[in-house]
Amino acid sequence: MIRVDTPDDWGKPMSTLESDKKKGYILSSADDPIMSTISKRKRRAEESLDSVYYDKQPLAHYTPAPFSEELPPCLEPWRRVTREEALSGRVTRPIRVYADGIYDLFHAGHARALMQAKNLFPNTYLIVGVCSDNLTHSMKGYTVLSETERYEALRHCRYIDEIVRDAPWTCTSEFLDEHRVDFVAHDDIPYGAAGTDDVYKDIKAKGMFMATQRTEGISTSDIITRIVRDYDTYVRRNLARGYSAKDLNVSYINEKKFAIQNRVDRVKDKMKRVESKTKQVVRNIEGKSHELIQKWEEKSREFIGNFLEFFGADGTWNTFWRDGTSIIRQALSPPASPSRSPPDSPSSSRSTEGFDGLEGAEGGDPGAGGSGIEFSDSDSEED
């Protein structure tokens, strides 16, 4: 038994974020509600699915999706299942889902709609119908791509198992029975046509309709609007890439005007590149000048410090000069020898007093401090 979500869960619309409108569309599965819902459903279904099914169903297609007329006819009996049976998990065969459209300029919005259709049930066989050029031109308008190009673009979408060419504008009961369709997938917006306000009204009444969510911000009409809005830009782009004015249906005057504008733009781009390079050179010079100034400041501080260390007040030079001068002075003028009897010393005073006594004695004046000794003439002559 395959365990799946309840019918209420499977029937809930898968809405996108409000920011989709601003972003165009979301490609990140972590932030995308549609991808998140599909991933949860897949994980829950895969928990109890038999591995044989996945052995028979490769994860990726290695060949384009086949056209319906290329497949052999199926002779096995077939009965359309109801929504309740499909959601219950009791159906052993794949649930056949049909999605139709024009798919002009196949884009991410188309791919996301087909992804939702493919993931409506755990085991889905997706059939895609593509309307022909004649039918589309008569019912809706001209297309950019031909029907062959649109068929080929869809064949390489990974979600598609089969393609129906020249699909009808309105799905009739005979068409659905012929292709053994269980459900039809499309967005829930009423799609009017001649004689009806919604081509899916009968299918909705039968309970065969499964709604998908549109991707806001991207559609074929939006892409064409962008091209028309920027017509001059794309014409100049293609002219610059080698397309002729005749290929682009451009007049001679407009061709020359666009050629001049292209040359002007090239000159502007060249000037911008030169300006950018000049700014880069200036930035490099400024960076190097700052570096040189910084190195110069470091070297100057180092030089000043060395100069002060050598020539400063307490520097090596002054110290050497003072010491050298003192040595030279001592060598050139040594100090005088000390006197035997300095005049101010006590011994000098005593010596003077002795001589005074002697002088008094020579004068014969005992009171003058003499000793009273008298010398004879003979003694003085001998002396």
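# A walk through the predicted model

Let's start at H179, which sits in the loop between α9 (173-178) and β4. This is a predicted model, and in it H179 counts as buried because its relative accessibility is 10%, under the 20% limit for that class. Beyond its neighbours within four places in sequence, H179 touches S68, R96, I127, E162 and V164.

Strand β1 (residues 95-101) runs parallel to β4 and is joined to it by two bridges, with Y98 standing opposite V184.

Now step back to the whole chain. The protein chain has 17 helices and five strands. Of its 383 residues, 28% count as buried. Among contacts with a separation of 6 or more, 70% are between residues 24 or more positions apart. The accessible surface comes to about 26,600 Å², and 55% of it belongs to carbon and sulfur atoms.

Charged pairs come next. Side chains of opposite charge can pair when their charged atoms come close. The count for this model is 15 salt bridges. One of them joins D177 and R80, at 2.9 Å from N to O. D177 lies in helix α9 and R80 in the loop between α4 (51-56) and α5 (83-88), so this pair ties together parts that are 97 residues apart in sequence. Both ends are partly exposed: D177 has 41% relative accessibility, and R80 has a relative accessible area of 25%.

Another salt bridge brings together R236 and D265, with 1.7 Å from N to O. Here R236 belongs to helix α12 (residues 231-240) and D265 to helix α14, so the pair ties together parts that are 29 residues apart in sequence. R236 is buried, with a relative accessible area of 17%, whereas D265 is partly exposed at 28%.

E275 is partly exposed at 43% relative accessibility, and K279 is partly exposed at 44%. Elsewhere, D188, D198 and K204 are linked in a network of salt bridges.

Helix α14 has one more feature to show. F303, I304, F307, L308, F310, F311, W317, F320 and W321 form a nonpolar patch on the surface, with about 1,000 Å² of accessible area together. Two elements, α14 (252-311) and α15 (316-332), each give two or more residues to the patch. The largest share, six residues, comes from α14. W321 is placed in helix α15 and counts as exposed, because its relative accessibility is 54%, over the 50% limit.

Finally, a word on confidence. The protein chain averages a pLDDT of 77, and 71% of the residues score at least 70. Over residues 1-29 the pLDDT stays under 50, although the model has 61 contacts beyond four places in sequence for them. Over residues 47-58 the pLDDT is also below 50, with nine contacts beyond near neighbours in sequence. Where pLDDT is low, the predicted coordinates should not be read in detail.

Methods: Residues are numbered from 1 along each chain as its sequence is written. This is a predicted model: local features need pLDDT of at least 70, side-chain atom pairs count only at pLDDT 80 or more; totals for chains, interfaces and linings use all residues. Side-chain values use heavy atoms; hydrogens and water are left out. pLDDT is the predictor's confidence in each residue, from 0 to 100. Contact means heavy atoms within 4.5 Å. Patches are made of residues with over 30% relative accessible area and no salt bridge: like charges are joined within 9 Å, nonpolar side chains (Val, Leu, Ile, Met, Phe, Trp, Tyr) within 5 Å. Accessible areas come from the Shrake-Rupley method with a 1.4 Å probe; for residues, only the protein chains shown count as cover. A salt bridge is a side-chain nitrogen of Lys or Arg within 4 Å of a carboxyl oxygen of Asp or Glu. Helices (H or I, at least four residues) and strands (E, at least two) are DSSP runs, numbered from the N terminus. Buried means under 20% relative accessible area, exposed over 50%, partly exposed in between (1.4 Å probe, protein chains only). Two strands pair if DSSP finds at least two bridges between them.
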